[in-house]
Amino acid sequence: MAIQLEAIFTAGGRPLIDVLTHCVYSINADALFLYLVREYRFKPQAKAAIALHDVFCNPQSPACISQSTMIIPKDWRLAHSIEPFRQAIEAVESVDQSASDDSRSGSESEAEDHSSGDDNTPSDGCVAIEIPPRHLFDHVVDAIRRGPSPAIASLQQSYDTGKTPTGNLPGGELSAVQRAFVDHQWLPSVRPFLVAAGFWRIATIG
């Protein structure tokens, strides 16, 4: 019996954890992206937007989505939309680093003078980061759904809720490629990056 992915995303609980875990094991980037965009819409933040772009919408990423026509180098709209938020975060980190260096050297007055001369920096020395729009990734999500994405279609048609995440894999175990992705990409880098960006619900997935 075909599953309804959106219904599982909405309901949450153990069925959601199992589906997401299976998606990690099967390297189903499209399904993971759809879920995390849902999470992003609840609380859009610059770091979350950058993480979604860099993990799922970057051709060099091991978890890149299948809709290559919607991302660089074929479509630069999303990358251009993300860039101002990336620059804002870099500016904040630069200010924080400068403040830390000034504090250690005892140059507090110099730091204040530097802050007051920057028109883009508030009087407290912080750089404002705008909240990105909730709909930032909607055109990519729509393209995946219209595709239709083979990864999404296969998941909805073949996933058996009576089996474990591993049991739903062909042969009931991870292939060498899947194991390499989990052990060398997802666990040490991809998952921590996403969690640090605010997607704490996947902290135990995989």
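In the predicted model, helix α3 is largely enclosed by the rest of the structure, because 12 of its 14 residues are buried. The buried positions are Ala29, Asp30, Ala31, Leu32, Phe33, Leu34, Tyr35, Leu36, Val37, Arg38, Glu39 and Tyr40. Their cover includes α1 (5–11), α2 (13–25) and α4 (46–56), together with α7 (138–146), α8 (150–158) and α9 (176–196).

The structure contains 9 salt bridges. One of the residues buried in α3, Arg38, belongs to a network in which salt bridges with shared partners join Glu6, Arg38 and Arg145.

Two salt bridges were examined within helices. In α5 (residues 77–105), Arg86 and Glu83 are 3 residues apart and therefore separated by about one helical turn. Their side chains form a salt bridge with an N to O distance of 3.7 Å. Arg86 is partly exposed at 21% relative accessibility, and Glu83 is likewise partly exposed, at 32%. In α9, Arg179 and Asp183 are 4 residues apart, again about one helical turn, and the closest N and O atoms of their salt bridge are 3.5 Å apart. Both partners are partly exposed, Arg179 with a relative accessible area of 41% and Asp183 at 34%. An α-helix has 3.6 residues a turn, so residues three or four places apart point the same way.

A further salt bridge links the side chains of Asp75 and Arg77 at 2.8 Å, N to O. Asp75 is buried, with a relative accessible area of 12%, whereas Arg77 is partly exposed at 48%.

Definitions and conventions. Residues numbered from 1 in each chain as written. Predicted model: local features only at pLDDT ≥ 70, side-chain atom pairs only at ≥ 80, totals over all residues. Heavy atoms only, no water. Buried < 20%, exposed > 50% of the residue type's maximum accessible area, 1.4 Å probe, protein only. Contact = heavy atoms within 4.5 Å. Salt bridge = Lys/Arg side-chain N within 4 Å of Asp/Glu carboxyl O.
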